[in-house]
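Keep the sequence and the 3D view side by side as you read.

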Amino acid sequence: MDNFQALFDYVQKLSGKTLSAEEKQIFIAHFKPKKIRKRQYFLQEGDVCKYTGFIVKGAAKTFTVDEKGHEHILKLSIENWWLADFESFYKLTPSRFNIEALEDMEILQITHNLVEEFIKPIPAFSAMQNVLSQNNTIATQKRMQSSISQTGEERFQELVNDYPHFIQRFPQNLIASYLGLTPETLSRIRKNALK
């Protein structure tokens, strides 16, 4: 039940609406708890993203691999974030991304059909989805703008300001890839920031 309490709290906080006891039972009936071991995939490139998962515990990375075998981190995810390739999830098309656990994880997962049939009609969930959609659009625009117009130092500072816990939680090579930098450049930027 603790896993579900994290989800209930999240939905209620984002939506500003209270879930009834009956609505909570609908969540419990349709979200399935799942454990994912460190280095295990939630989704692999080419597969259809059949589930979205709410992270109760742990962390993951969403990434692509180029023709030279280099990883490019698109997203780092932690507790109270959602896992999915949403294009693949909603359109049921093959994913262009991989999602891999960086730590042992506990998630609550649900299929697209169950979201549409049972969960979306719940007013708090629908309101949460609207807020989440707005937040994701803003974050995507901000990330695109920073990647084309900010220096590495500015991108690093923005990450420190927006997600200070990422710096302690994730290895430097992942942070560097997320920021579009080499590990050496990130190391130099971090050293200069500490002066």
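**Charges, bridges and a pocket**

Glu184 sits in helix 9. The model is a predicted one. Glu184 has a relative accessible area of 58%. The cut-off for exposed is over 50%, so Glu184 counts as exposed. Now look back along the chain to Asn173. Glu184 and Asn173 are 11 residues apart in sequence, and their C-alpha atoms are separated by 9.0 Å.

Stay with helix 9, which spans residues 183–194. The side chain of Arg188 forms a salt bridge with that of Glu153, with N and O at 3.5 Å. How accessible are the two partners? Glu153 is partly exposed, at 39% relative accessibility. Arg188 is partly exposed as well, at 42%.

Helix 6 covers residues 152–162. A second bridge leads from Asp162 to Lys142, where the closest N and O atoms are 3.0 Å apart. Lys142 lies in helix 5, residues 123–149, and Asp162 in helix 6, so the pair links parts that are 20 residues apart in sequence. Lys142 has a relative accessible area of 36%, which makes it partly exposed. Asp162 is at 34% and is also partly exposed.

Another bridge joins the side chains of Glu116 and Lys120, at 3.7 Å from N to O. Glu116 has 32% relative accessibility and counts as partly exposed. Lys120 has 36% and counts as partly exposed. Elsewhere, Lys61, Glu71 and Glu100 are linked in a network of salt bridges. How many salt bridges does the whole structure hold? A search of it finds 8.

Now turn to a charged residue without such a partner. Glu23 is found in helix 2, residues 21–30. Glu23 is buried, yet it has no salt bridge. Which side chain of opposite charge is nearest to Glu23? It is Lys24, 8.7 Å away. What does the side chain of Glu23 have beside it? One of its polar atoms lies 2.9 Å from the backbone nitrogen of Ser20. Look also beyond the neighbours within four places in sequence. There, Glu23 is in contact with Thr18, Ile122 and Pro123.

The last stop is the largest pocket. Its volume is about 1,600 Å³. The lining of the largest pocket is made up of 46 residues. Which of these lie nearest the centre? They are Lys75, Asn135, Asn136, Ala139 and Thr140. Several elements each supply at least two residues of the lining. Among them are helix 1 (2–15), strand 5 (71–77) and helix 3 (86–91). Helix 5, helix 6 and helix 8 (172–179) contribute in this way too. Which element gives the largest share of the lining? Helix 5 does, with 16 residues.

Helix 5 holds Lys142, and helix 6 holds Asp162. Both helices each supply at least two residues of the pocket lining. Trace helix 5 in the view to follow the largest share of that lining.

Technical notes
Residues numbered from 1 in each chain as written. Predicted model: local features only at pLDDT ≥ 70, side-chain atom pairs only at ≥ 80, totals over all residues. Heavy atoms only, no water. Helix = DSSP H or I, 4+ residues; strand = E, 2+ residues; numbered from the N terminus. Buried < 20%, exposed > 50% of the residue type's maximum accessible area, 1.4 Å probe, protein only. Lys, Arg positive; Asp, Glu negative; His and termini not counted. Salt bridge = Lys/Arg side-chain N within 4 Å of Asp/Glu carboxyl O. Polar contact = N/O pair within 3.5 Å; in protein donor to acceptor, adjacent residues only side chain to side chain. Contact = heavy atoms within 4.5 Å. 1 Å grid on protein atoms, 1.4 Å probe; cavity = no way out; pocket = protein on both sides within 12 Å on 5 of 7 lines; lining within 4 Å. Points joined across faces, edges and corners; volume = space filled by probe spheres on them.
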